[in-house]
Amino acid sequence: MRRLLQTTPRWRHRARACLATFVATPRWIACWALVLAIAAAASPSTAAELGLPIDEFTLRDSHGREHALASAPDTKAFVVVFLGVECPLANLYAPRLNELAERFAGRGVAFFGINSNRQDSNSELAAYVEQHHFSFPQLKDVGNVIADRFGAERTPEAFVLDGNRVLRYRGRIDNQYEVGVQRAAATRHDLRFAIEAVLDGKEVFDPSTEAPGCFIGRTEVRQREGQAAPAAGDITWSSKIADIIQRRCQECHRPGQFAPFPLLTYDDALGWAETIREVVTLERMPPWNANPEHGQFSNDLRLTPEEKSALLAWIDAGAPQGDPEKLPAPREYASGWRIGEPDQIVYLAEKPFEVPADGVVDYQWFYVDPGFKEDRWVQAVEARPGARQVVHHVTVYHKPPWGDWDMQHNTRINLLGGFNPGGEPLVLPPGHAIYLPAGTQFAFEMHYTPNGVVQQDRSHIGLVFAEPGDVKKEVQAFMPADTKIDIPPGEADYRSRISYRFPEDMDLMILRPHMHLRGKSFRYEAVYPGGKREILLDVPRFDFNWQHSYYLAQPKRMPRGTELVCSASFDNSAENPSNPDPAARVRWGDQSWDEMMIGIFCATPVVQHWNNYPLAYGTPRTRRIAFVALAGGIAVSLAASYWQRGRHVTG
């Protein structure tokens, strides 16, 4: 046993963990735990083991040149990183890898990038190398032979070998990027520390870490144990899966859209099958955060239970293709504006905004004058990102010529429209429109997510106007907000509540909760006159990366006196992986390290009282008539007053 415990660092680590708890548990339980841990560590594995050497290999780059693992005899350490052309984290870490290669260039460290994805061609690999300006070779692992030798599972996943090609570290590059999490900077530099430890002849402190990222697209999808390949007529790509992918995924997963890779063909899907299995099982994709027990929404992105079951069964069975003759017709997508040709297009700025290659870009605000010389009624809105690959979402607000932009006093702009992955343009029902008086200003709220390459963005919004005489209902946006939030350091469940009482009967149409990185949950609840309560929308796991607008399947009547209660919770603890600083006291602010709590909603009055505000909401002609009538009334009143006073004095 002593010899076994001394064999590798991983076994020593497991044994020490068991021995550390030995004195705190009954002796027989501790003994069995130790035996089982050693047995698990000693069990055969196809993956490379820490402390054991890696066999020599030679691979070709995208131009056909050969590169050997140990070509330089004076090499003191080897760094092998598995990368993928379309994996978001692999792209984000490309600049970091170049920095590390340059940092250790004169210290005898050889870097190798390896692409084992079946879906990445040589030409795509060559473009990837040129795009990121890699200073070290990027090699193609045909048939994922070397990935299997290392036991590599994801991209990016790093391995550090010493000068004798003995594996000393495997895992992540650092902790800045995770799935759905982007810290402002890394707080643990695992790969760098591992390289330095190997160069200094020391044992790596943490030799095995979890590498987040995309699964390597292997030549064959791994079948689950005991799962037989489906017979003819069962679930195949051609018979059922292609149709599900078309309806649920391709809106984003096609060239030129926000998603990092396409899912248009069988080969596309086969390369991403393991990743699809993971994100569907964990319900990360399609992105939808609402609790299905409350509310029905016309833009619900969730897979049905039958669709989810079919996808997982297909992947578990090895992702069979089926009969290509049974494929559904390819889906066609509009190449232009989905709302038709806009009457006006408004850009966020005259010059593009430069999005950096990596890091966290805080919310950017752009204020624009659309140049309205007369009142406008907007019936359809479509926001379009300029650089789709890095624009996560666009939200456009409008401010009337009165008031200011100060949300501290709850006088900020109203919601106009926006873009988010998988979202739809705002097309209001006939007779419904948003009122924009002359002199209205726009504000673009931009959320950028760098993808490893510097990008230029000039996002814009298209507007389709309605004729004033055709408008029967005005759609109004409301933004009740708790601007006095004050979250203590380390608070894991800070609660916030704000409400709005309807002054008249209104039909609720859209709900859009808004928080920042510490946002944990959000709920809309209606308290009707008489005390009845109804949960309209429940978001138990709010995700800053997916700022959804929830369109009610049918407008919900809010009788006069109904209170719309918005309640939210925030996690400012270290357990929140998105938290920029658990030690900070957090208050209201625009940037992502600050917080917001806004229960945005859109509604329309049941009865439109046009005559109550002709100066503010009439057409230009009706406002002129009203102004003349008001001025005339004031003039007559003043004249009568002076006449009466004159009579009193002379009398």
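Which residues in H5 meet which residues in H8? In this predicted model, Leu 97, Leu 100 and Arg 103 are the H5 side of the contact, and Leu 191, Arg 192 and Glu 196 are the H8 side. Sorted by class, the contact of H5 with H8 has three nonpolar and three charged residues, with no polar ones.

Now for the geometry of this pair. Helix H5 covers residues 94–103 and helix H8 covers residues 190–199; they pack at an angle of about 20°, and their axes lie 11 Å apart. Angles under 35 degrees count as roughly parallel, and H5 and H8 are therefore roughly parallel to each other. Their crossing is right-handed.

On to the strands. Seven of them form an open sheet with mixed pairing, in the order S2-S1-S5-S4-S3-S7-S8. At the edges are S2 and S8, each of which pairs on one side only. On average, and ignoring direction, neighbouring strands of this sheet are turned by 35° against each other.

Inside the sheet, strands S1 and S5 run antiparallel and are joined by two bridges. Arg 60 has Lys 140 in S5 as its bridge partner. Helix H6 lies across S4 and S5, and runs at about 170° to S5.

| Strand | Residues |
|---|---|
| S1 | 58–61 |
| S2 | 66–68 |
| S4 | 109–115 |
| S5 | 138–140 |
| S8 | 167–171 |

For the helix lying across S4 and S5, look at residues 122–132, which make up H6.

Key:
Residues numbered from 1 in each chain as written. Predicted model: local features only at pLDDT ≥ 70, side-chain atom pairs only at ≥ 80, totals over all residues. Heavy atoms only, no water. Axes fitted to C-alpha atoms, helices over the stretch in contact; angles between N-to-C directions. Helix = DSSP H or I, 4+ residues; strand = E, 2+ residues; numbered from the N terminus. Parallel < 35°, antiparallel > 145°, perpendicular 65-115°, else oblique. Left-handed = near helix turned anticlockwise from the far one by under 90°. Contact = heavy atoms within 4.5 Å. Nonpolar A, V, L, I, M, F, W, Y, C, P; charged D, E, K, R; others polar. Pairing = 2+ DSSP bridges.
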